[in-house]
Amino acid sequence: MTSIRRTLILASLTATLLAACGQSTGPGAVAPLEITRDTSCSLDGMLLADYPGPKAQIFYAGQAEPDFFCDTIEMFHVYLTPEQVREVRGIFVQDMGKAAWDEPHGHWIDAKSAYYVYGSKREGSMGPTIASFALEQDATKFAAEYGGKVYHFADIQPDMVVLDGGVLNDSHM
């Protein structure tokens with residue numbers, strides 16, 4: 001076996017092992033961005049830093065910056081019932097087991113591996129929200145304290161993320 005062939009086989013095995021360990025080695029890998037005081041919601045222009053509850057972001061192919069959402073319900077609504085079909089490169093939500101509810105910063109996690117509490121009495125920027133957690137035990141503890149049921153990403157359905165909640169709960173209109 002030639003040294004070039006051995007090197008190619010070794011490189012291939014290394015890449016396979018890294019992929020199996022969950023390492024992002026591909027050119028399409030994305031990492032969550034932190035919100036600033038000026039980060040606004042892609043749907044309604046609200047400033048994310050001004051509101052409580054978990055935030056979200058979706059990275060689309062061909063787009064350098066993510067679409068930010070001031071609420072997980074908005075993110076799920078856009079993801080589950082898109083107006084345009086676009087390739088999603090990454091979805092992130094905040095781990096509310098670590099982030100402060102009233103002023104959430106940082107603690108971004110992969111949305112598809114998170115646990116969600118739907119139906120709690122805690123509210124986000126648009127009223128009722130879906131709390132996101134990295135650990136199932138944190139989601140279960142939250143549900144015990146604030147109500148609701150724990151779900152996986154794939155279990156959230158379009159009828160759970162209708163965007164009329166903010167209007168129906170706004171007593172100033």
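Because the model is predicted, local features are reported at pLDDT of at least 70 and side-chain atom pairs at pLDDT 80 or more, whereas totals for chains, interfaces and linings use all residues. Residues are numbered from 1 along each chain as its sequence is written, and side-chain values use heavy atoms, with hydrogens and water left out.

The chain holds 4 helices and 7 strands, where helices (H or I, at least four residues) and strands (E, at least two) are DSSP runs numbered from the N terminus. Read from the N terminus, these elements follow the order α-β-β-α-β-β-β-β-α-β-α. Of the 173 residues in the chain, 37% are buried; buried denotes under 20% relative accessible area, exposed over 50%, and partly exposed the range in between, with a 1.4 Å probe and protein chains only. The accessible surface, computed by the Shrake-Rupley method with a 1.4 Å probe, comes to about 10100 Å², and carbon and sulfur atoms account for 54% of it. Where contacts (heavy atoms within 4.5 Å) between residues at least 6 apart in sequence are considered, 61% join residues at least 24 apart.

An open sheet of 4 strands is arranged in the order E2-E1-E3-E4 with antiparallel pairing, two strands being paired if DSSP finds at least two bridges between them. Strand E2 (67-69) and strand E4 (108-110) stand at the edges with a single partner strand each, so that one side of each lacks a neighbour in the sheet. On average, and with direction ignored, neighbouring strands of this sheet are turned by 25° against each other, axes being lines fitted to C-alpha atoms, for helices over the stretch in contact, and angles running from 0 to 180 degrees between N-to-C directions. Within the sheet, strand E1 (residues 56-60) is joined to E3 by 5 bridges in antiparallel fashion, and Ala56 stands opposite Val93 in E3. Helix H2 (residues 72-80) lies across E1, E2 and E3, and runs at about 160° to E3.

Gln94 belongs to strand E3 (residues 88-94) and counts as buried because its relative accessibility is 0%. The side chain of Gln94 reaches the backbone nitrogen of Lys55 at 3.0 Å. When residues up to four places away in sequence are not counted, Gln94 touches several residues, including Gly53, Pro54, Trp108 and Ser132.

Strand E5 (residues 115-124) and E6 run antiparallel and are joined by 6 bridges, with Tyr118 having Ile130 as its bridge partner in E6. A hairpin through 2 residues connects E5 to E6. Strand E6 (residues 127-133) is mostly covered, 6 of its 7 residues being buried.

The structure holds 3 salt bridges, each defined as a side-chain nitrogen of Lys or Arg within 4 Å of a carboxyl oxygen of Asp or Glu. In the pair formed by Asp50 and Arg37, the closest N and O atoms are 2.8 Å apart; Asp50 is partly exposed at 42% relative accessibility, while Arg37 is exposed at 52%. Asp67 forms a salt bridge with Arg86, with the closest N and O atoms 3.5 Å apart, and this pair links strand E2 to the loop between H2 and E3, 19 residues apart. Asp67 is buried at 15% relative accessibility, whereas Arg86 is partly exposed at 35%. The side chains of Arg122 and Asp102 meet at 4.0 Å, N to O, linking strand E5 to the loop between E3 and E4.

Methods. Polar contact = N/O pair within 3.5 Å; in protein donor to acceptor, adjacent residues only side chain to side chain.
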